[in-house]
Structure formats: structure tokens, C-alpha cells
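Hi everyone, thanks for making time.

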Amino acid sequence: MKLLLEYRPPFDWPALLGFLSARAITGMECVVDGVYWRSINLKGVHGVLSVRPGVGDALEVTVRGADPASIPQILLRLQRMFDLAADPHTINRQLALDPLMARLTATRPGLRVPGTWDGFELAIRAVLGQQITVGAAIRLAGKLVAQYGEPLRSADPQLPGLTHVFPEPAVLAGADLATLGMPKSRGRTSSGVAQALLDDPSVFEPKANLNEGIARLLELHGIGDWTAQYIAIRQMREVDAFPSGDVGLINALAALEGGPVTARQLLHRAEAWRPWRAYAAQQLWTSLRGISGYAHSS
């Protein structure tokens, strides 16, 4: 089944695809010839989808194997994942009041903030990525999917290496994830995140405001401000969330402005970017492409 999802131009597909490609989990996601592929699992029904630029101001989505009744949910998830509701002109006009952001948005006017297919998946990714590089986090996530993910029932030998779906919360809640090669504390946090979702299915859903959402995430064992802000950006779609302690953001600002920067200074500087700090963060992360280990780890 092929469908089109419209967006407001401009849309920086290469930047968004590059972000997803750098974080693609082996066996579950891949980017081939400019197309994003992934496995999906909705209420126990497995499927595969692909996303690529379509005709006009739209993305072309192909869905295989999924329950036809789930198509509206799939499209809604993809709209959030690819940030299709964003209005770049409004966002850039506000950010451009700051000279640095004026320069960055002029270079990449169609930059979007990548979302996620699933809040639980994103939370686990974020925990796995705490204090390690992007590459290390993705290798760890690949081990997790291979060991605890269910084999993709609709696997097609012609598809590009998609073999599993992401593990279910009930599986990870009872697993000793430290055996994958992570610190025991991080393994316990990952299992705790899974249990939190089982206890409260709305734990990763948007709250009334950013502060309430961050406060709820900080209640989870092992979740600090960086992880909470990151989940708020990509899952809760909070446009003003901002992980000021992120090493990538600090390095990006230092490189762009030619001097050392502290987390406190970055947070103060980011006041000028409200209420679109998440988009400012994405501009900073993207500015560091080509530098080893750039950006955040998940």
C-alpha cells in the first residue's frame, strides 16, 4: 500500500535521513538509496514500511504486512516522526532574531526535529545512549534487538536486512540487560523504564506542558535531565525542550562562536531561542556533522 504525507516546505530530507541513518538499529531499521526502512509491530501484527520523497511537497510511504485498520495510526506516527506539522517559516523567523541562528537557518531552512516511531523504543534508546557515542549506543541497541526482539514474521528476503521488531516492554522488564555489555545500573534503568510503561501506559505521552512532562520523566529511576529533555523533544514533541548539558550542543556552540562554552552558558544563550529551542538544538547538532561522535548519543 502506497500513501502520501504532505508537509509545509521547505523540507530538508537529506538532513533528516542522515540523522536516522546514523541511528539505524541493525535488523530493525536501515537506509538504502535514500529510502528509510523499518519493521513495525502494532498489537502483535508485524509489518514493514518505507519512507522516501514523493511528488510535490509530500513523502511517499509504502506499508507491507500491517493490518489495514492500523493505517491511520501508522500515518499519525509518521507525521510525528518526520515532523510534518512544522511550519519552518514561523520557526525560522523567530530563531533568526538571534544572529547565530539567522546564519544557521539560512543554511538549512527546512531542518526538522526528528521524532520517533514509538515512545518506549525512544526511551530505551536514550538510556542506552547515556554517556557513550552514537555508534556505541546503536551497536548496543542492535544487540538488544537481536537478543530480545521477536523475529519479523513478515520478513521478505528482498527487503534490506529487516529481521526483527523492537522488544516488548514485558520482555525487557524481566531481563538482565547488563549481559549485553552495559553497566548494571544502566541495565536496571532500562528494565525499570519498561516496567514504568507497563505500570502507566501514558508515561511517555505528552503532558499538559513541558515542565510537567519533564517532571514525570525525572520520577523514573536513572532518568536525568539530559534523558528527560531528549525524550521530550523526540517523543513528547515539546518544541522548547532543551538538553543544555548535551556535549554535542556545547561543542557546537563553542565551534560556531570561537570559544569555550559551559552548560550554564549554553542554557543562558538558549533563552534567545525560545519558544523553539528544540529546533535551535537540531541546528546546532546538524552543524557538527562530519565531526566524530557529533551530537547526542541516541
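I'll start with the whole chain and then go to a few places inside.

First thing to keep in mind: this is a predicted model. The mean pLDDT of the protein is 93, and 96% of the residues reach 70 or more. There is one stretch to watch, residues 290-298, where the pLDDT is below 50. That stretch still has 29 contacts in the model beyond near neighbours in sequence. Where pLDDT is low, though, the predicted coordinates should not be read in detail.

Now the overall picture. You're looking at 13 helices and 5 strands. How compact is the protein? The radius of gyration is 19 Å, close to the 19 Å that the globule rule gives for 298 residues, so the protein is as compact as a globular protein of that length. If you box up the C-alpha atoms along the principal axes, you get roughly 50 × 50 × 35 Å. Of the 298 residues, 55% count as buried. The accessible surface comes to about 12800 Å², and carbon and sulfur atoms own 55% of that. And here's one about how the chain folds back on itself: take the contacts between residues at least 6 apart in sequence, and 67% of them join residues at least 24 apart.

Okay, let's go inside. Please find helix 5, residues 119-128. How many of its residues are buried? The count is 10 of 10.

Next, aromatics. Searching the whole structure turns up 8 aromatic pairs. Take Trp 13 and Phe 82: their ring centres are 6.0 Å apart and their planes sit at 20 degrees, so the pair is stacked. This pair links distant parts of the chain, with Trp 13 in helix 1 and Phe 82 in the loop between helix 2 and helix 3, 69 residues apart. Trp 13 and Phe 82 are both buried. For a contrasting geometry, go to Trp 276 and Tyr 279, where the centres are 5.9 Å apart and the planes are at 75 degrees, so that pair is edge-to-face. Trp 276 is buried at a relative accessible area of 19%, a value that falls under the 20% cut-off. Tyr 279 is buried as well, at 8%. Back at the other pair, Trp 13 and Phe 82 belong to a cluster that ring pairs build together with Tyr 7, Phe 11 and Tyr 36.

Leu 177 is in the loop between helix 7 and helix 8. Is Leu 177 buried or exposed? At 1% relative accessibility, it counts as buried. Apart from neighbours within four places in sequence, Leu 177 is in contact with residues including Leu 144, Tyr 148, Met 182 and Ser 190.

His 164 is in the loop between helix 6 and helix 7, and it is buried too, with a relative accessible area of 18%. Its contacts beyond four places in sequence include Gly 27, Met 28 and Ser 39, as well as Val 145 and Glu 150.

Then there's Ser 70, in the loop between strand 5 and helix 2. Ser 70 is buried, at 11%. What does its side chain meet? A polar atom of the Ser 70 side chain lies 2.6 Å from the backbone oxygen of Asp 67.

And finally Leu 220, in the loop between helix 9 and helix 10. Leu 220 counts as buried, with 11% relative accessibility. Along the chain, Leu 220 and Gly 192 are 28 residues apart, yet their C-alpha atoms are 7.6 Å apart in space. Leu 220 also touches Ala 196, Val 203 and Phe 204, not counting residues up to four places away in sequence.

Key. Residues numbered from 1 in each chain as written. Predicted model: local features only at pLDDT ≥ 70, side-chain atom pairs only at ≥ 80, totals over all residues. Heavy atoms only, no water. pLDDT = per-residue confidence, 0-100. Contact = heavy atoms within 4.5 Å. Buried < 20%, exposed > 50% of the residue type's maximum accessible area, 1.4 Å probe, protein only. Helix = DSSP H or I, 4+ residues; strand = E, 2+ residues; numbered from the N terminus. Rg over C-alpha atoms; globule rule 2.2 N^0.38 Å. Areas by Shrake-Rupley, 256 points an atom, 1.4 Å probe, with all protein chains shown as cover. Phe/Tyr/Trp six-rings, centres within 6.5 Å; stacked < 30°, edge-to-face > 60°. Polar contact = N/O pair within 3.5 Å; in protein donor to acceptor, adjacent residues only side chain to side chain.
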